[in-house]
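This report describes the fold of one chain and then turns to two of its residues. The sequence and structure are shown first.

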Amino acid sequence: MIRKLLRVFILLAAVAFSAGGGCAYRLTDPATGRVFYTTDESTRWSLGPGEKVRFIDGRTGRTVVLDWPTIEVISRSEFEEATGR
């Protein structure tokens, strides 16, 4: 229960940071350990049933949907280094 509340808090913090614009994010899928990067300002952060996050992956340009990813705000330079952009 505490873990779920912590994830909700992290998700809400990420949404609050996105309102400032210009943020980049590193999302880690806890089920697979795969890491994704995005600056997608149209990211759909959902706290509804299923707890899914939908975003455009910065490396592939594909839409990705994850259940309860770990979300970290990163610098633009870190995003550019990770994605080669």
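## Surface and basis of the model

Accessible areas come from the Shrake-Rupley method with a 1.4 Å probe, and for residues only the protein chains shown count as cover. On that basis the chain exposes about 5,400 Å², of which carbon and sulfur atoms supply 54%.

The model is predicted, so that local features need pLDDT of at least 70 and side-chain atom pairs count only at pLDDT 80 or more, while totals for chains, interfaces and linings use all residues. Residues are numbered from 1 along each chain as its sequence is written, and side-chain values use heavy atoms, with hydrogens and water left out.

## Fold

Of the 85 residues, 33% are buried, that is, under 20% relative accessible area (1.4 Å probe, protein chains only). Among contacts (heavy atoms within 4.5 Å) with a separation of 6 or more, 47% join residues 24 or more positions apart.

Thr38 belongs to strand β2, residues 35–38, and is buried at 1% relative accessibility. The side chain of Thr38 lies 2.8 Å from the backbone oxygen of Ile56, and residues touched by Thr38, leaving aside those up to four places away in sequence, include Cys23, Phe55 and Phe79.

Ile74 lies in strand β6, residues 70–74, and is likewise buried, with a relative accessible area of 8%. Beyond four places in sequence, Ile74 touches Ala24, Tyr25, Arg26, Tyr37 and Phe79. The C-alpha atoms of Ile74 and Cys23 are 7.2 Å apart, although these residues are 51 positions apart in sequence.

Key: Buried < 20%, exposed > 50% of the residue type's maximum accessible area, 1.4 Å probe, protein only. Helix = DSSP H or I, 4+ residues; strand = E, 2+ residues; numbered from the N terminus. Polar contact = N/O pair within 3.5 Å; in protein donor to acceptor, adjacent residues only side chain to side chain.
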